[in-house]
2 protein chains.
Amino acid sequence: MATISDIARHANVSKTTVSRVLNGRPDVDRATAERIRQVVAELGYVPSASARALVNGRAKCVGLLIPSLDLAWVLPLVEGVADLVEAREHTLTLHTIARGQESLAAISAQVNARVIDGLIAVVPRGLETWLRGFVERGLPIALIDDQDLVPSVPRIWATDQVGGLDAGRHLVALGRMPAAAITGPLDSIGGRARLDGFRRALAEASMPFDPSLVREGDWTIASGWDGMRALLATHPELRAVFAANDLMAIGAMRAIVDSGRRVPDDIAVVGYDDIPFAAQMIPALTTIRQPLADMARAAAAAVLDALAGQPWEPGPHLFETSLVVRESCGAAATTSRLTERR
Amino acid sequence: MATISDIARHANVSKTTVSRVLNGRPDVDRATAERIRQVVAELGYVPSASARALVNGRAKCVGLLIPSLDLAWVLPLVEGVADLVEAREHTLTLHTIARGQESLAAISAQVNARVIDGLIAVVPRGLETWLRGFVERGLPIALIDDQDLVPSVPRIWATDQVGGLDAGRHLVALGRMPAAAITGPLDSIGGRARLDGFRRALAEASMPFDPSLVREGDWTIASGWDGMRALLATHPELRAVFAANDLMAIGAMRAIVDSGRRVPDDIAVVGYDDIPFAAQMIPALTTIRQPLADMARAAAAAVLDALAGQPWEPGPHLFETSLVVRESCGAAATTSRLTERR
DNA sequence: CTGTTAGCGCATTCAC
DNA sequence: GTGAATGCGCTAACAG
């Protein structure tokens, strides 16, 4: 492997000059610069990332921390982040907390060893302490969908309450009452906001709100299934259900079918997130779309900007949700299905 | 940030000695070692990764190259790799070829800059040249599901033909004839092998093989949908279809439903891969399971072992496929559904 | 415009 | 058992 010294020797200049043209400094003679570039190309020279990292104090690398890849809604996030990080010529490292504390310790080690310059985190509860530690050490961080637990960093968020509202309104407009809700954990901001929105939609329509029509889930398919089964048992007259994420909606759909009912004929379901598979379900899932990839790009941009020395913008960055009407509520625009699949 | 010098000073020893205990060398006095460890803990010292990388020539980092995160079957692969890489105390960088040549160039740059010590690649066609280049530069590589295009590296594979055979046998046993097939690209080894297995199953049962019952897809949902529509148009008497991957199977299911038929009542479908969502489809998809996560771990192990100086085992590593019976063929073990969902 | 000197943080000879 | 010196490949003063 060629080093900067090799280039310097072959081009009859000092390492410094080579370094200058490598970093695009203007104060180099056109001719020498060209000659150096020539040699660089001939020898196929590429500067050592570790040497640069050592001297610059930056590895040009950002980490992405996610709870797990099992959660389908993280995929658009990973894609969005990967996209921007690569475009800005940084490396992306992937970290999950699949192995619990052990994983956290590993990530913490990476941070301390300065292998990553910044972190984009999709925060599960219970990570605040670690994250705060990182912030204190001066690590640029952006949080996606967080719990407001780590203040003074950029937080990327979507309009949860509006989302719940739109979901509820859709069901109301379709006359699918009574409608139940399977919520996210109610000790999470997002979980509460989505439910609040839903309740507001009912209130708008002067529909009574029945607490027994609400089941608290934990974002998993299994909890959606459980919640729906319970709901169906106690409220056989149900006409619709709003699940606070698509995973739970999928679980709910299964429970509905298992009970011998049909979607959407007997029960309408609207989900939340618009994960890639929502459009592939049969019937295709009507859902509240979060612009996950855009949110991810915003998060990545925040830490990348910070690393580039640009103004740091702590606080919430809000993104808009939107209702995606498909088949699971019986109000499908049939043609759209085809479009989505090609 | 504390450096090794700080530790040395605080512990009244030389940097050399600190380095020794840090790297677990035996030739250090018990007491001094203990004292040093003490100081390290107190100051929360963590060695700089870049400094180490520079002097060791290794960054303790391996890259994972995948075509895209949109392909659901890569998820278990990413998980498997992430799992093992983390366990072996390395960093995992993620690379997609979402932006085509540009992406490749970026990855190539990373390799040349020595940010990664090894590479695990899920090889789409068209990458052979790049990959060969990496191999020539001495980069440890493992290939998952490759096309046999890069010889002399470990290649992780599953028993494609057996998979196709099992799928065909299942349909034969169920009496679901005539059965069609939507294949992968027939210029890929895997695509051909799965079809060959399927044909063998028909031959075993002395069923005639009708070429018009075979449609070539490209692994995408859209191609599964297209293929199924064409099949249905020309062969309305169809009773079953074998799709060479789950994505195409999902597309096929949609086409079947769009045509007014039902799965599995009218047409049985069996897929291939067992992606996470296969079990969540309604009806749940019967499929040929590839132990994707295990395969990924094997790939990761191969490059990690190579990096650890252990024997390099080029050539194919074969994994076994297995039939997972769910609902889409009408032969469901009903209880299993619940188990899978919890 | 260019080269000399120094040092980033660590591991590794080689002495002692 | 321990330490002083040297260098990994690169960038950053500081001179000229």
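**Close-up 1. Side-chain contacts with DNA strand C in the predicted model**. An N or O atom in the side chain of B:Arg52 lies 2.7 Å from a phosphate oxygen of DNA strand C. Two or more residues of the surface near DNA strand C come from each of α2 (15-22) and α4 of chain A and α2 (15-22) and α4 of chain B (helices are DSSP runs of H or I, at least four residues, and strands are runs of E, at least two, numbered from the N terminus).

**Close-up 2. Residues around DNA strand C**. Of the atoms of DNA strand C that come within 4 Å of the protein, 61% belong to sugar and phosphate. α4(B) gives the largest share of this surface, five residues.

**Close-up 3. Lining of the second largest pocket**. α6(B) contributes the most to this lining, six residues. Elements supplying at least two residues each include α5 (74-87) of chain A and β2 (91-96) of chain B.

**Conventions.** Residues are numbered from 1 along each chain as its sequence is written, and chains are lettered from A and ligands numbered from 1 in the order in which they are written. Local features need pLDDT of at least 70 and side-chain atom pairs pLDDT 80 or more, while totals for chains, interfaces and linings use all residues; side-chain values use heavy atoms, without hydrogens and water.

Definitions and conventions:
A residue is near a molecule or strand if one of its heavy atoms lies within 4 Å of it. A polar contact is a pair of N or O atoms within 3.5 Å; within protein, one must be able to donate a hydrogen and the other to accept it, and residues adjacent in sequence count only if both atoms are side-chain atoms.
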